Amino acid sequence: MTTSVSFDKSMIAPCGINCGTCMAFLRVKNKCYGCWVDFDSKRKTCNECKIKNCELLAKTSSKFCYECEIFPCEKIKHIDKRYRTKYRASLIQNLVTIKETGITTFLEREVKKWTCPSCGSTLSVHRDHCLVCSFELT
């Protein structure tokens with residue numbers, strides 16, 4: 001089966017979230033285009049994100065939190081705990097992987113991880129099943 005799933009660097013948030021797997025990105029109505037893209041209907045909470053707007057992050061060349069002098073900070077630890085507990089994803093591990101292997105390798109792994117094995121659609125980090133074919137994730 002050939003995959004139609006692809007991600008690029010602009011879809012990876014400073015905190016390590018892959019915006020391409022977010023329900024807000026995958027939906028049709030009121031679609032979000034990710035942390036790095038400015039658009040008119042972007043939610044206020046996204047525009048005011050304390051991580052994206054962090055003054056320490058602004059000092060990094062990569063614009064990823066792994067490069068910060070206090071990584072992982074309490075904000076990252078908090079959101080990582082929520083994503084590990086609810087959504088089977090570790091943002092801290094994502095950032096460590098990006099740092100250690102590079103963004104290209106990370107994106108290749110993300111394609112494999114977030115492609116439905118049944119229909120080839122993009123899986124959502126926020127659901128335990130494929131949105132297209134209802135394949136149950138374990």
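Methionine 23 is found in helix α1, which covers residues 23-26. The model is a predicted one. Its largest nonpolar core has 33 residues.

**Methionine 23 and its surroundings**

- Methionine 23 counts as partly exposed, because its relative accessibility is 21% and the buried class ends under 20%.
- Leaving out residues up to four places away in sequence, methionine 23 touches Ser124, His126, Arg127 and Leu131.
- Threonine 105 is 82 residues from methionine 23 along the chain. The C-alpha atoms of methionine 23 and threonine 105 are separated by 24 Å.

**The nonpolar core**

- Which residues have the most contacts inside the largest nonpolar core? They are Phe7, Cys15, Ile17 and Tyr83.
- Helices α1, α4, α5 and α6 each supply at least two residues of this core.
- The largest share comes from α4, with 4 residues.
- Isoleucine 17 touches Met11, Ile12, Ile79, Tyr83 and Leu91, with residues up to four places away in sequence not counted.

**Helix α5: one face in, another side out**

- Leu91, Asn94, Leu95, Thr97 and Ile98 are buried in α5.
- Down the axis of α5, these buried residues fall within an arc of 160 degrees, so they line one face of the helix.
- An α-helix has 3.6 residues a turn, so residues three or four places apart point the same way.
- Lys99 and Glu100 are exposed on the other side of α5.
- What covers the buried residues of α5? The cover includes α4 and α6.
- Serine 90 caps the N-terminal end of α5. A side-chain oxygen of serine 90 lies 3.1 Å from the backbone nitrogen of glutamine 93.
- Glycine 102 follows α5 and has a positive phi, near 95 degrees.

- Asparagine 18 lies in the segment before α1.
- Is asparagine 18 buried or exposed? Asparagine 18 is buried, because its relative accessible area is 3%, and buried means under 20%.
- The side chain of asparagine 18 makes a polar contact with the side chain of glutamate 110, at 3.0 Å.
- With neighbours within four places in sequence set aside, asparagine 18 is in contact with Phe7, Met11, Ile12, Glu110 and Trp114.

**Aromatic rings**

- How many aromatic pairs does the structure hold? It holds 2.
- One of these pairs is phenylalanine 64 with tyrosine 66. Their ring centres are 6.0 Å apart and their planes are at 15 degrees, so the pair is stacked. The cut-off for stacked planes is under 30 degrees.
- Phenylalanine 64 and tyrosine 66 are both buried.

- Most residues other than glycine have a negative phi, and most peptide bonds are trans.
- Phenylalanine 71 and proline 72 are joined by a cis peptide bond, with omega about -5 degrees.
- Proline 72 sits in the loop between α3 (55-58) and α4 (74-87).
- Arginine 88 is not a glycine, yet its phi is positive, about 60 degrees. Arginine 88 is found in the loop between α4 and α5. With a relative accessible area of 36%, arginine 88 is partly exposed.
- Serine 134 also has a positive phi, near 65 degrees. Serine 134 lies in the segment after α6 (103-113). Its relative accessible area is 46%, which makes serine 134 partly exposed.

**Cysteine 73**

- Where is cysteine 73 found? Cysteine 73 is in the loop between α3 and α4.
- At 22% relative accessibility, cysteine 73 counts as partly exposed.
- Arginine 127 is 54 residues from cysteine 73 along the chain. The C-alpha atoms of cysteine 73 and arginine 127 are separated by 27 Å.

Conventions
Residues are numbered from 1 along each chain as its sequence is written. This is a predicted model: local features need pLDDT of at least 70, side-chain atom pairs count only at pLDDT 80 or more; totals for chains, interfaces and linings use all residues. Side-chain values use heavy atoms; hydrogens and water are left out. Rings of Phe, Tyr and Trp (its six-membered ring) pair if their centres lie within 6.5 Å; planes under 30 degrees apart count as stacked, over 60 as edge-to-face and the rest as tilted. Buried means under 20% relative accessible area, exposed over 50%, partly exposed in between (1.4 Å probe, protein chains only). Contact means heavy atoms within 4.5 Å. A nonpolar core is a set of buried Ala, Val, Leu, Ile, Met, Phe, Trp, Tyr and Cys residues joined through side-chain atoms within 4.5 Å. The arc is that of the directions from the helix axis to the C-beta atoms. A polar contact is a pair of N or O atoms within 3.5 Å; within protein, one must be able to donate a hydrogen and the other to accept it, and residues adjacent in sequence count only if both atoms are side-chain atoms.
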